[in-house]
Amino acid sequence: MSRGYHTLRVADVIDETHDARSFVLDVPPELQSAYGYRAGQFLTFQIPAEGETLLRCYSLSSAPETDGRLKVTVKRVDAGRGSNWFNDCVRPGDPIAVLPPAGLFVLRESAAPLCLFAGGSGITPVISLIKSALETTGRRILLVYANRDARSVIFRAELDALELRHPDRLRVVHHLDDTQGFLEAGAVRPLVAGIEAAHFYICGPGPFMDVVESVLVSTGVPRECIFIERFLSLPSHEEVEAENVVAAQEVEGRAHPAEVLLHLDGSSHRVPYHAGDTVLETARKGGLEPPFACEDGYCGSCAARLVRGEVVMHKNEVFSQAEVAAGNILTCQARPCSGELEVSYD
Ligand SMILES: Cc1cc2nc3c(=O)[nH]c(=O)nc-3n(C[C@H](O)[C@H](O)[C@H](O)COP(=O)(O)OP(=O)(O)OC[C@H]3O[C@@H](n4cnc5c(N)ncnc54)[C@H](O)[C@@H]3O)c2cc1C
Ligand code: FES
């Protein structure tokens, strides 16, 4: 098993719809703190499918404040290797290799109302945010939830019950493609009119997210109030390696340090630096165990803070320009381009 992964046991498998199941996980007492999480985060699983080990991320549909155990919900994708393996092969009692929770699709400290857009399986992190916000804040919540048809609606009963329990705070608007067509800009605009000061969270199929995001931007919602989770399959190890070769060429000939000073888990380490390596590779070659998942610049698991020096990031689907300017980096994408470098994961 790769570094950072632990074997957890599947405690329960729940049929949610005809093509989605939830998987409840048991975390032994000694791993409870490693698997503590915030609503909206995800787990990365090692999946033994078709003779190779795939890495796939699944968001937690449970919330730490309301659910005793970790739960993920996996919807089948046509010809998808990981999602069908989960739905066809995983049974209660099975062991499964899982990385600790990661991700930045979480609630920010604020009293602003929440406006959440979920499409299909994109409801998983969103229902977690809803449960957490209802439990721990007084924020008002609008959920716009799009699905292909009525039988594809995951968590219908749970959402109905939450709406009944919090009629003054939670409003759920369902959108069904088979009767209403795909959600279009003209339908999104009236839903967000008057709540432009909300925090917006979007998770669903690409075209769905593009429509919602473009309406929000065109109505003047600041970028830093829009949070997006993209459900993509992680690239294979070979794809990551090939991309790394291209990215390393981008910094060829630029200054780089002889060693990097890294702060991780309360300790400081001076680690040798090899030209072309990312900060993440440097940390791992130096024997450290920093967090990471996608190695492709979009999950945010490997985030750290630049304390001193400069880096070039090959890809960045996580941080806004302002967040980068404030020193936030993705260590899987960051390559040093200064004579000294200090980075803190803490
Ligand atoms: C942070 C995060 C959280 C996520 N949370 C969830 C969640 O809560 N629930 C959920 O259901 N999903 C979630 N996902 C998506 C999930 O990780 C997988 O991407 C999804 O399950 C599909 O994986 P798969 O292995 O089944 O499909 P894949 O095998 O990766 O295939 C995906 C699609 O590509 C096509 N395809 C595959 N290989 C090829 C090829 N060589 N050429 C052409 N087409 C190809 C397949 O036919 C299929 O349509 C999340 C993703 C991320 C990044
Ligand atoms: S590991 Fe996913 S962004 Fe770096």
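A backbone N or O atom of Asp-78 sits 3.1 Å from an oxygen atom of ligand 1, which makes a polar contact (a pair of N or O atoms within 3.5 Å; within protein, one must be able to donate a hydrogen and the other to accept it, and residues adjacent in sequence count only if both atoms are side-chain atoms). This is a predicted model, in which local features need pLDDT of at least 70 and side-chain atom pairs count only at pLDDT 80 or more, while totals for chains, interfaces and linings use all residues. Residues are numbered from 1 along each chain as its sequence is written, chains are lettered from A and ligands numbered from 1 in the order in which they are written, and side-chain values use heavy atoms, with hydrogens and water left out.

Back to ligand 1: the side chain of Arg-56 places an N or O atom 2.6 Å from a ligand oxygen, and a polar backbone atom of Gly-82 is 2.6 Å from an oxygen atom of the ligand. In total, 23 residues surround ligand 1, and the closest are Arg-56, Tyr-58, Gly-82, Ser-83 and Ser-233; a residue counts as near if one of its heavy atoms lies within 4 Å of the molecule or strand in question.

Tyr-58 turns up again among the aromatics. Rings of Phe, Tyr and Trp (its six-membered ring) pair if their centres lie within 6.5 Å, with planes under 30 degrees apart called stacked, over 60 edge-to-face and the rest tilted. By this rule there are seven aromatic pairs. The ring centres of Phe-45 and Tyr-58 are 6.1 Å apart and their planes meet at 55°, so this pair is tilted. It ties together distant parts of the chain, as Phe-45 belongs to strand S3 (residues 42-49) and Tyr-58, 13 residues apart from it, to strand S4 (residues 52-59). Here, helices (H or I, at least four residues) and strands (E, at least two) are DSSP runs numbered from the N terminus. Both rings belong to one aromatic cluster formed by Phe-23, Phe-45, Tyr-58, Trp-85 and Phe-86. Phe-45 is buried at 0% relative accessible area, and Tyr-58 is buried at 13%; buried means under 20%, exposed over 50%, and partly exposed in between (1.4 Å probe, protein chains only).

On to the strands, which pair if DSSP finds at least two bridges between them. Strand S1 (residues 6-17) runs antiparallel to strand S6 (residues 95-98), joined by four bridges, and Thr-7 has Ala-97 in S6 as its bridge partner. S1 also pairs with strand S2 (residues 20-26) in the antiparallel sense over seven bridges. A hairpin of two residues connects S1 to S2, with Thr-17 standing opposite Ala-20.

A separate paragraph goes to the open sheet, whose five strands follow the order S9-S8-S7-S10-S11 with parallel pairing. Strand S9 (170-176) and strand S11 (226-229) each have a single partner strand, so one side of each is left without a neighbour in the sheet. Strand S10 (residues 199-203) runs parallel to S11 through four bridges, and Ile-202 is partnered by Ile-228 in S11. Helix H3 (residues 156-165) packs on the sheet and touches S8 and S9; contact means heavy atoms within 4.5 Å.

Leaving aside residues up to four places away in sequence, Glu-213 touches Ile-202, Arg-223, Ile-228 and Arg-230. Glu-213 counts as buried, at 17% relative accessibility.

How values were computed:
Axes fitted to C-alpha atoms, helices over the stretch in contact; angles between N-to-C directions.
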